Amino acid sequence: MTIVVDPTTPPCAHVPEVYQDELLHSPPARADITAAQWDELTVKRASAHRQCAGCPLMVDCLYRAVVEVDVSGFVACTTESDRRMIRRQLGIEVQQTATTPYGAPRIGGGPISHEAVMAARLAHPKDTCHQLAERLSCSTSTIKRHLRRAREQSVVAAPAGVPGRPAQPSVEAVLDCFDELETSRVA
Ligand code: SF4
């Protein structure tokens, strides 16, 4: 028998019930479930994580789930809580009004601008990244990313924003925030 594998079908499409499992996408605290349930959850999460990590759509999936649509479920190696953390770091939120082909469009305060970070660095050259982050009300990793960008002198422009609306974060910015998460270090 010949098995035909459709390379465009992501792993989650074969087992949607796993990715929609509430225990997986909104995990309970360890103290709230039994040891057996915790072990079962750990195995389930590791399996879904492996599938996502090897998925060719991973980067696109993560970006859309963070920036464009506030989907439920375990998506692109992240829980809903993980994606909220990324949005907080980026300073964005997802509007729930569905006006795009994917559902809800992105809005928010927008990421801190490169110019703002560089101006703060110029004004406070002895500040640590943490101090600059506090001044600008953003994360330390955001400051580091902009300073690294300045060092490399290769500014990667974020996609153009809609007039009157902040620009979307770049894919690079989303991946930088993802790298800060515990889940990015799970093998
Ligand atoms: S990365 Fe996204 S598309 Fe790929 S398996 Fe995970 S949830 Fe599905």
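Visitor: Which backbone nitrogen does the side chain of Glu80 reach?

Guide: This is a predicted model, where local features need pLDDT of at least 70, side-chain atom pairs count only at pLDDT 80 or more, and totals for chains, interfaces and linings use all residues. Residues are numbered from 1 along each chain as its sequence is written, and side-chain values use heavy atoms, leaving out hydrogens and water. Glu80 is found in helix H5 (residues 80-90), helices being DSSP runs of H or I with at least four residues, numbered from the N terminus. At 3.2 Å, its side chain reaches the backbone nitrogen of Gly73.

Visitor: Which side chain of opposite charge is nearest to Glu80?

Guide: Glu80 is buried, meaning under 20% relative accessible area with a 1.4 Å probe and protein chains only. Glu80 has no salt bridge, a term for a side-chain nitrogen of Lys or Arg within 4 Å of a carboxyl oxygen of Asp or Glu. The nearest side chain of opposite charge, 4.4 Å away, is that of Arg84.

Visitor: How many residues apart in sequence are the parts that the pair of Tyr19 and Phe74 ties together?

Guide: Tyr19 and Phe74 form an aromatic pair, 6.3 Å centre to centre; rings of Phe, Tyr and Trp (its six-membered ring) pair if their centres lie within 6.5 Å. Tyr19 is buried, as is Phe74. Tyr19 lies in helix H1 (residues 16-19) and Phe74 in the loop between helix H4 (58-68) and H5, so the parts tied together are separated in sequence by 55 residues.

Conventions. Helices (H or I, at least four residues) and strands (E, at least two) are DSSP runs, numbered from the N terminus. Buried means under 20% relative accessible area, exposed over 50%, partly exposed in between (1.4 Å probe, protein chains only). Lys and Arg count as positive and Asp and Glu as negative; His and the chain ends are not counted. A polar contact is a pair of N or O atoms within 3.5 Å; within protein, one must be able to donate a hydrogen and the other to accept it, and residues adjacent in sequence count only if both atoms are side-chain atoms. Rings of Phe, Tyr and Trp (its six-membered ring) pair if their centres lie within 6.5 Å; planes under 30 degrees apart count as stacked, over 60 as edge-to-face and the rest as tilted.
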